[in-house]
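Trainee: I would like to learn how to read the features of a structure such as this one. Can we go through it piece by piece?

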Amino acid sequence: MRSLELSKRPTKRTRKECSRATRILSGISSEIMDENIWKEFPEDLFESVIARVPVDAFFRLRLVCQKWNMLLKSPSFSQECAQKKQAQTCFYTVSHTNGSMGSIYDPSSKRWYNPTPCPLPKKRVLPVASAGGLICFLESGERNLYICNPFTRSCKHLSPMPVGVMSRVSVGMTINCLSTQLGYKILLVFHSGEYGIYDSRNNSWNHPGYLPTAYLPLTLNRRSQGVCIDKTFYFMRHNPDGILSYDVDNGIWRQFPIPAPQQLSDQILAICGRRIMLLGLLKKNAATCICVWELQKMTLLWKEVDRMPNLWCLEFYGKHLTLNCLGNKGLLLLSVRSRQMNWLITYDARTRQWMKVPSFIPSETKRRHLRLYATGFEPSLTAMP
């Protein structure tokens, strides 16, 4: 038995054997990439093969040659991609200094990309909502809305909503079915209590008027984007604390008074599947930590389910922080800023995994003062505004 066990132990290969293995592998690699082999590859299979590559590879494939660039824009290739839907989430970000120039962060590859900009105005245009691969942009200081697909660069300017007084607004977006082919809806809720709904199927606004008087005056949480579950929008409100919901199909508003957790600041609403989540900064003396709560449907109370790793919280000690959520659907992108630091963090609500995001700005000074606006979206080549 002892001799058998000894014979199973791996032996260290000599340098000569290692170099020989390297030569064999390099020969195999060069044979695989031989042009004489690949030139016989059937062209009708190119679309099927390329449709299976990761989303981030599309940016590189466009640069291979003009033929491949045209292939990625063809209707047949879009349909091929639609049959092989990739559910990974990316984040479209715009900094406060770059106007409408955006960057895309892909969490699966942990890389940033600078795609060709969508045909948006040169003024500051901010991403405020998304659904079905489309992103809704709001022109800062104006009432103009734009719907764009950042991968195909298709863009649509929506007609302005007829409102009496232009005030601060919260935006929600949802698709009518499983894809944007059957259209999408956009809900605008002004802090004056006025609201309106845009339906892409008839390219028009429905302006019902104001929220029920029992819900006024309205003070929405501007730090938190609206979320949507099964065509029902949810917004955070203050005075009183709670959640405001709107059923798009039935046109019904509801209000749920839900007290916020104590000593919590920078409250942000998020969703994971059909669960409603709450994130915020929990402060006690000089200590600060990012905590995650889940709304209990039976009691309508918040229950803490997760916290940021303790080692990260130690770096927050004694700092005055602000928290923003730049994408609030399952996979969240969090921005934590102070005078001394500026972190971007992803949090996967399904696996409860925290990850630091590599910065796309090399300068520490510029990164410290960077302010991002972003939304999460699922890349799609078939979504049309």
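Trainee: Which residues does Thr 93 touch, not counting residues up to four places away in sequence?

Mentor: Keep in mind that this is a predicted model. With sequence neighbours up to four places away left out, Thr 93 touches Met 101, Gly 102, Ser 103, Trp 112, Leu 333, Leu 372, Tyr 373 and Ala 374. Thr 93 is part of strand E1.

Trainee: Is Thr 93 buried or exposed?

Mentor: Buried means under 20% relative accessible area. Thr 93 has 1% relative accessibility, so it counts as buried.

Trainee: In what order do the strands of the sheet with E1 lie?

Mentor: Strands of a sheet pair through backbone hydrogen bonds, either parallel or antiparallel. Here four strands form an open sheet in the order E3-E2-E1-E24, with antiparallel pairing. Strand E3 (111-113) and strand E24 (372-377) are the edge strands, and each of them pairs on one side only. On average, neighbouring strands of this sheet are turned by 25° against each other, with direction ignored.

Trainee: How many bridges join E1 to E2?

Mentor: Four bridges join strand E1 (residues 90-95) to strand E2 (residues 102-106), and the two run antiparallel.

Trainee: Which strands does E17 pair with?

Mentor: Strand E16 (residues 264-272) is joined to E17 by seven bridges, in antiparallel fashion. Across that pairing, Ile 271 stands opposite Ile 276 in E17. E17 also pairs with E18 in the antiparallel sense, over eight bridges. There, Gly 280 stands opposite Cys 291 in E18.

Trainee: Why is E17 described as largely enclosed by the rest of the structure?

Mentor: Because seven of the 10 residues of E17 are buried.

Trainee: What does phi look like in the turns of these hairpins?

Mentor: Most residues other than glycine have a negative phi, and most peptide bonds are trans. The hairpin of E16 and E17 has two residues between the strands, and Gly 273 takes a positive phi near 65° there. The hairpin of E17 and E18 also has two residues between its strands, and Asn 285 in the turn has a positive phi of about 60°. Asn 285 is a residue other than glycine. With a relative accessible area of 81%, Asn 285 is exposed.

Trainee: Where does Asn 239 lie, and what is its phi?

Mentor: Asn 239 lies in the loop between E13 and E14. Its phi is positive, about 50°, although Asn 239 is not a glycine. Asn 239 counts as exposed, at 64% relative accessibility. A cis peptide bond joins Asn 239 and Pro 240, with omega about 5°.

Trainee: Where is Pro 217, and what is the peptide bond from Leu 216 to it?

Mentor: Pro 217 is found in the loop between strand E11 (204-210) and strand E12 (227-229). The peptide bond from Leu 216 to Pro 217 is cis, with omega near 0°. Ser 224 also lies in the loop between E11 and E12. At 7% relative accessibility, Ser 224 counts as buried. Beyond four places in sequence, Ser 224 touches Met 236, Gln 267, Ile 268 and Leu 269.

Trainee: Which residues have the most contacts inside the largest nonpolar core?

Mentor: The largest nonpolar core has 43 residues, and those with the most contacts inside it are Ile 290, Trp 302, Met 308, Leu 334 and Trp 354. Among the residues that Leu 334 touches, beyond four places in sequence, are Leu 279, Ile 290, Trp 343 and Trp 354. Another core, of 21 residues, lies apart from the largest one and includes Leu 61, Tyr 92, Leu 120 and Ile 135.

Trainee: How many aromatic pairs does a search of the whole structure find?

Mentor: A pair of aromatic rings is described by the distance of the centres and the angle of the planes. The search of the whole structure finds 12 aromatic pairs. Tyr 184, Tyr 198 and Trp 205 form one aromatic cluster. As for charge and ring, the charged end of Lys 356 sits over the ring of Trp 343, 4.0 Å from its centre.

Trainee: What are the totals for the protein chain?

Mentor: The protein chain has nine helices and 24 strands. Of its 385 residues, 48% are buried.

Conventions: Residues are numbered from 1 along each chain as its sequence is written. This is a predicted model: local features need pLDDT of at least 70, side-chain atom pairs count only at pLDDT 80 or more; totals for chains, interfaces and linings use all residues. Side-chain values use heavy atoms; hydrogens and water are left out. Rings of Phe, Tyr and Trp (its six-membered ring) pair if their centres lie within 6.5 Å; planes under 30 degrees apart count as stacked, over 60 as edge-to-face and the rest as tilted. A charge sits over a ring if NZ of Lys or CZ of Arg is within 6 Å of the ring centre and within 35 degrees of the ring normal. Two strands pair if DSSP finds at least two bridges between them. Axes are lines fitted to C-alpha atoms, for helices over the stretch in contact, and angles run from 0 to 180 degrees between N-to-C directions. Buried means under 20% relative accessible area, exposed over 50%, partly exposed in between (1.4 Å probe, protein chains only). A nonpolar core is a set of buried Ala, Val, Leu, Ile, Met, Phe, Trp, Tyr and Cys residues joined through side-chain atoms within 4.5 Å. Contact means heavy atoms within 4.5 Å.
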